[in-house]
Amino acid sequence: MSQQTVQMGDPPLDPERRRTHHPGLSLAVIVACQLMVVLDASVMFVALPKIQHSLHFSATGLSWVTNAYSLAFGGLLLLGGRAGDILGRRRTFIAGIALFTLASLLGGFSGSAAWLLATRTAQGVGAALAAPSALALIATNFQEGPERNRALGVFSATSSAGASIGLVLGGLLTDWASWRWVLFINVPVGAVVLFLAPRILRETERHRGRLDVAGAVTVVTGMVALVYGFIRAADAGWGDGVTLAAFTGGVLLLGAFVVVETRAEQPVIPLRLFADGPRAGSYLIMLLLAAAMFGMFFFIVQFLQNVLGFSPLKAGVAFLPMSGLLFVMARTTPRLMPRVGPRRLLFAGLPLIAVGLVWLTRLSAHSGYAPGVLGPMLLFGLGAGLVFLPITATVLAGVRREDSGAASGTLQTAQQVGGALGMAVLVAVYGPALRHGGLTHGVNVAFTVGTVFVLVALAVTVVLLRPRAA
């Protein structure tokens, strides 16, 4: 969640001060937006096998259903936060929810793979507009002190529980109705939010500035080109002309992004953030960890449903032990970090994740859920719960006040883009292995590469995350 636009001291506009305040309704509207955005990242996973069969996705092309959303959301997240500063956060929030809701409605009626991917991209754009303003609107609509703290507590709990809710909800809807209801469910919620938001949420002050559209476009298109190159390589091979053209175009576009950011008056990602070694290392660790995490979700869902024969609902419930442990550790880690420091927590958590992924490389057609999947997922939940807070704390340590929003927003961008890029890499190795040895062999190879991601993250911790000088 980008916090680029959060200014706790922002006063509402004078006409807005006269708006009748309904704390419960205001919080419900903001939390409903957050829940939709968080759910959409996980609710699709358990529906993927049904979507593949219905719309005739290839085994490798199926990853675009999640990648299209992640790339649009992550790549435009900071631009959406900046738009809230300039245009007004309530206005940007409403525009984002409107686009997200319309895209969900159209996506539910998808008759082809291309149609679904277009609407998933539009959902990501809508989420990138709405999500940064949601947290900022808590600052505007709730008085500093106990009232705001309670609201932030509900908001944080919703964010933490959203992924687990999404997995179960996706299974319920897919089992009892259709995978299309994974998208349709957003429509009534979005309609209620659109009705209430202009009536009960206060607007924020608008600030002068410019939108770095060129920076956002070059980074998003560059990442899309790289992801496309990896996924095409899975089917057409690494020497294919289109594959090589995609990689070349991606590198050139990302190079153009760096040039644009060095010259932009108000860059979407200030490059000075990467001058600090521990902060740059934390961004890279988050990118690598997300690459392994998204891949784990994607391939375990394929294994549970296509090999073990789990229903979508049963597959969603199968993830709950991991989610529950992650939630518990996320509440425990804040008490541990002052005692042991972020670096030691990373050294404790990353090896647990790596061991869990190595365990998953042993999956076979005869593996049961408890011995083959549950153990690795518990290790993953324990390890991930230990590392997320230290990564965030390291990113924000010593950051300039004017860069704090961009620093935290860039971390979320690294998570979303890293997940999409990492899944593309895993799909690139999964495709050939799938053709040669079947689904379980393909999954084993993908988890092997995922393990490498985590081991590289561990090496980055050793090299770059050294204690800062006082």
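**Surface of the chain**

The chain exposes about 18,300 Å², of which carbon and sulfur atoms supply 67% (accessible areas by the Shrake-Rupley method with a 1.4 Å probe; for residues, only the protein chains shown count as cover). The model is predicted: local features need pLDDT of at least 70, side-chain atom pairs count only at pLDDT 80 or more, and totals for chains, interfaces and linings use all residues. Residues are numbered from 1 along each chain as its sequence is written, and side-chain values use heavy atoms, with hydrogens and water left out.

**Fold and dimensions**

The chain contains 18 helices and zero strands (DSSP runs numbered from the N terminus: H or I of at least four residues for helices, E of at least two for strands). The C-alpha trace spans about 65 × 55 × 45 Å along its principal axes.

**Burial and contacts**

Of the 470 residues, 55% are buried (under 20% relative accessible area; exposed is over 50%, partly exposed in between; 1.4 Å probe, protein chains only). Among contacts between residues at least 6 apart in sequence, 84% join residues at least 24 apart (contact: heavy atoms within 4.5 Å).

**The surroundings of A216**

A216 lies in helix α10, residues 213-236, and counts as buried because its relative accessibility is 1%. Neighbours within four places in sequence aside, A216 contacts L76, L79 and V268. V268 is 52 residues from A216 in sequence, yet their C-alpha atoms are 6.8 Å apart.
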